[in-house]
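User: Hi! I have a new structure open and would like to talk it through with you. Can you take a look?

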Amino acid sequence: MDWQRALEVAVAACHRAGSLHLQLRDQGLDIGSKSTFADLVTRADRESELAIRQVIAAAFPDHAVVGEEGGQLGDSRYRWIVDPLDGTVNYAHGFPFSCVSVALEVEGQTRVGAVFDPNRQELFSAIRGQGARCNGHPIRVSACPDLETPALLATGFPYDPAEGAHNLELFSRFLRLGLPVRRPGAAALDLCYLAAGRLDGFWEFKLNPWDVAAGILIIQEAGGQVTDLSGETYRYGGPLLASNGRIHRQMRAILSP
Ligand code: IPD
Ligand code: CA
Ligand code: CA
């Protein structure tokens, strides 16, 4: 497999979707709800996913693609994982923190990832073993040595408030310690901000593969650490803890029961 070519396809798909986000924002969004009233879906989510699937199919017709809106199509050891619009609630309100995320995994291991923020025209990307980049420039996680520096942290909450209750308690633990915590609202971009050293730590529960596949690779290639809350291997859908590595142990201690 030519990973550079795979990345070029991921980037082309991201740019196509990002252009649609900007274009459709001015043309009426046709906003609807999915699992709860706050779980929004727009024309941009649906049309971006179709466009991304077209770009991938034109280059790699035999590959499988799983996307948030259309589910999995095809069966192959090569599987593209697509969030056509991450941060839909932000997007629908004109709050400019949203992105598109495209990753390629081979037999369960992510090899290529791209996340594009059309608001700031920033493209984060990585090929496994070849480092992480933002708009072509190498990026590294921060050097923040401990939480008291202070570290800047972020988290997120699922749409179903019952599922998010547990994290409210953890969120308040950090706040009660006087630590700055943000809730930006687009997990794929949160992970890239960590990779670029703009955040020092991030945690969230129950994220889907399309929210995190590209971002995790980009963090790892930028020198960061991604685990579950016990420091073991992260599994899609479970608790995710990401950091610059240096504050991982301290964050784990606060997040532990
Ligand atoms: C959501 C965002 C948000 C996270 C939610 C995700 P969507 O994705 O990534 O930050 O907290 O859990 O579902 O619905 O905007 O693609
Ligand atoms: Ca998402
Ligand atoms: Ca989405």
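User: Let's start with Asp-86. Is Asp-86 buried or exposed?

Analyst: Asp-86 counts as buried, because its relative accessibility is 6% and the cut-off for buried is under 20%. Keep in mind that this is a predicted model.

User: Good to know. Which protein donors does the calcium ion (ligand 2) have?

Analyst: Asp-86 is one of them, giving an OD atom.

User: Asp-83 has come up for both ions. What does it bridge?

Analyst: Asp-83 bridges the calcium ion (ligand 3) and the calcium ion (ligand 2). The two ions lie 3.7 Å apart.

User: Is Asp-83 buried or exposed?

Analyst: Asp-83 has a relative accessible area of 1%, so it is buried. Leu-85 is buried as well.

User: Nice. Let's zoom out: how many helices and strands are in the protein?

Analyst: The protein has seven helices and 15 strands. Its radius of gyration is 17 Å, close to the 18 Å that the globule rule gives for 257 residues, so the protein is as compact as a globular protein of that length.

User: What does the C-alpha trace span along its principal axes?

Analyst: About 50 × 40 × 30 Å.

User: What share of the residues is buried?

Analyst: Buried residues are 54% of the 257 in the protein. As for contacts with a separation of 6 or more, 61% of them are between residues 24 or more positions apart.

User: And the surface? How much of it belongs to carbon and sulfur atoms?

Analyst: Carbon and sulfur atoms account for 50% of an accessible surface of about 11100 Å².

User: Where do the charges sit, on average?

Analyst: There are 24 positive and 30 negative charges, and their mean positions are 4 Å apart.

User: Back to single residues. Where is Glu-105?

Analyst: Glu-105 is in strand E6, which covers residues 99-106. With a relative accessibility of 8%, Glu-105 counts as buried.

User: Which residues is Glu-105 in contact with, leaving aside neighbours within four places in sequence?

Analyst: Three arginines are among them: Arg-77, Arg-79 and Arg-111. Glu-105 also contacts Tyr-78, Ile-81, Thr-110 and Tyr-236.

User: Now the loops. Where is Gly-74, and is it buried or exposed?

Analyst: Gly-74 lies in the loop between strand E4 (71-73) and strand E5 (78-86). At 51% relative accessibility, Gly-74 counts as exposed. Its C-alpha is 6.7 Å from that of His-63, a residue eleven positions away in sequence.

User: I'd like to check the backbone too. Which residues does a cis peptide bond join?

Analyst: Thr-149 and Pro-150, with omega at about 10 degrees. Pro-150 is in the loop between strand E10 (137-139) and strand E11 (153-155).

User: Which residues here go against that, with a positive phi?

Analyst: Gln-121 is one of them, with a phi of about 55 degrees. Lys-206 is another, with phi near 60 degrees.

User: Where are those two found?

Analyst: Gln-121 lies in the loop between strand E7 (109-117) and strand E8 (122-127). Lys-206 is in the loop between strand E13 (201-204) and helix H6 (209-221). Gln-121 is partly exposed at 45% relative accessibility, and Lys-206 is partly exposed at 47%.

User: Last one: what about His-137, buried or exposed?

Analyst: His-137 is exposed, with a relative accessible area of 55%, and its place is in strand E10. Its C-alpha is 9.3 Å from that of Phe-124, which is 13 residues away along the chain.

How values were computed: Residues numbered from 1 in each chain as written. Chains lettered and ligands numbered in written order. Predicted model: local features only at pLDDT ≥ 70, side-chain atom pairs only at ≥ 80, totals over all residues. Heavy atoms only, no water. Donors = N, O, S within 2.8 Å, 3.2 Å for Na, K, Ca; no water. Buried < 20%, exposed > 50% of the residue type's maximum accessible area, 1.4 Å probe, protein only. Helix = DSSP H or I, 4+ residues; strand = E, 2+ residues; numbered from the N terminus. Rg over C-alpha atoms; globule rule 2.2 N^0.38 Å. Contact = heavy atoms within 4.5 Å. Areas by Shrake-Rupley, 256 points an atom, 1.4 Å probe, with all protein chains shown as cover. Lys, Arg positive; Asp, Glu negative; His and termini not counted. Charge placed at Lys NZ, Arg CZ, Asp CG, Glu CD.
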